[in-house]
Amino acid sequence: MSEGPRSGLAAVSSALLAMSRHLEVRDVLKTIVASARELLDAQYAALGVPDDHGGFAQFVVDGVTDQQWRAIGPLPRQHGILASMLQEARPERLADVRKDPRFEGWPSAHPDMSDFLGLPIRDGDEVIGALFLANKLRPVGGSPPHPPREKPEGGCGFTEEDEDLLAILAQHAAIALTNARLYERSRELTIAEERSRLAHELHDAVAQKLFSLRLTAQAAAALVDRDPSRAKGELQQVAALAAEAADELRAAVVELRPAALDEDGLVATLRTQVQVLDRAHTARVTFTSHGVRALPAAQEEALLRVAQEALHNALRHSGAQHVDVTLHKRGPDTVLRVTDDGSGFDPSAIRRAGRHLGLVSMRDRASGVGGGLTVESAPGKGTTIEMEAPGG
């Protein structure tokens with residue numbers, strides 16, 4: 001490594017620590033690719049996770065802008081050199097990828113590449129990905145840490161030392177990727193258990209409401225002829241029970257419905273939900289966001305659930321005419337703020353009101369991702385709920 005053993009070892013150590021720091025698969029993939037490109041001084045790097053249908057379930061690149069990536073088009077298929085790496089599970093080091101007989105071309109918007117170094121990522125006997133680099137950078141008159149070097153005549157700019165280093169990265173990438181997959185599977189199991197619990201709660205709550213509804217309706221029917229005034233009271237009770245049952249159903253559906261966080265991200269998901277609520281209620285519901293980038297999935301889910309709970313309180317219980325949702329940066333943290341101009345409540349009665357308004361659940365969600373929750377309210381003065389979460 002051109003930087004010398006000490007700085008080279010520090011760079012490798014830093015890259016390996018960065019890989020192990022993330023638990024989300026997508027974050028791990030991005031870290032692996034960025035680390036490989038930086039350590040091996042390549043212009044482009046990519047990592048593909050194959051699916052079972054001749055394509056890639058995930059494909060992450062570094063060195064290509066978002067605009068270039070969109071122009072390139074669909075993800076590559078498992079063909080040519082990529083297929084060889086995945087099927088034969090061996091490294092590939094080529095002086096010019098375009099001259100290899102297995103090369104099958106690329107889209108017109110694809111950047112031009114020559115030098116190529118690729119390795120499979122293996123978990124035991126299973127190939128779980130392919131990591132590859134292109135265009136070894138060779139400054140003509142650089143200074144440390146990038147001294148001048150020339151590509152060997154007819155040879156590959158990537159060296160055997162580069163291949164050995166990439167092999168170390170690939171081994172650790174396999175560990176990091178496997179751990180991230182196990183973490184996501186454990187989350188899926190937790191979500192499945194939570195949904196099962198909610199389904200039982202939904203059944204019990206709604207079944208009880210419907211049972212009461214049926215008995216009250218029967219009582220009203222029996223009283224219609226002989227005591228119309230009492231029948232009217234029973235029918236009013238029927239309407240109230242029906243409304244409560246509908247609320248139970250709506251609340252459960254919100255919890256059971258998977259949010260579009262993976263596809264759209266927190267900002268777009270919140271904006272969409274606020275727009276829907278604004279149309280569905282007489283109160284004005286608005287949303288603004290300033291400078292918030294993608295957060296880890298756990299933080300995004302916690303922020304979304306707290307926002308949903310706070311919005312539900314404001315629209316169902318406070319009588320608010322205006323509810324404002326904001327998402328912004330505060331130093332290294334992301335801050336969610338939900339403010340309404342409704343009836344408010346006495347914070348001194350927080351123990352009693354906390355359960356009713358879901359404040360305990362909101363605090364648990366915030367603390368579960370290393371954040372905090374504050375509540376400001378007073379009778380007749382509205383309510384502000386603020387959650388602060390690290391990152392973004």
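**Rings and strands**

Biologist: Is phenylalanine 56 buried or exposed?

Modeller: Phenylalanine 56 has a relative accessible area of 7%. Buried means under 20%, exposed over 50% and partly exposed in between, for a 1.4 Å probe and protein chains only. This is a predicted model, with local features needing pLDDT of at least 70, side-chain atom pairs 80 or more, and totals for chains, interfaces and linings using all residues. Phenylalanine 56 therefore counts as buried.

Biologist: How are the rings of phenylalanine 56 and phenylalanine 59 arranged?

Modeller: Their centres lie 5.3 Å apart and their planes stand at 70°. Phe, Tyr and Trp (six-membered ring) pair with centres within 6.5 Å; planes under 30 degrees apart are stacked, over 60 edge-to-face, the rest tilted. So this pair is edge-to-face.

Biologist: And how do phenylalanine 59 and tryptophan 69 pair?

Modeller: Phenylalanine 59 is buried at 8% relative accessibility, while tryptophan 69 is partly exposed at 25%. The ring centres are 5.9 Å apart with planes at 5°, so the pair is stacked.

Biologist: Which residues do ring pairs link into a cluster?

Modeller: The structure holds 5 aromatic pairs. Ring pairs build a cluster from Phe56, Phe59, Trp69, Phe116 and Phe132.

Biologist: What is the bridge partner of glutamate 376 in β10?

Modeller: β9 and β10 (residues 383–390) run antiparallel, joined by 6 bridges. In β10, glutamate 376 has as its bridge partner threonine 384.

Key: Residues numbered from 1 in each chain as written. Heavy atoms only, no water. Pairing = 2+ DSSP bridges. Helix = DSSP H or I, 4+ residues; strand = E, 2+ residues; numbered from the N terminus.
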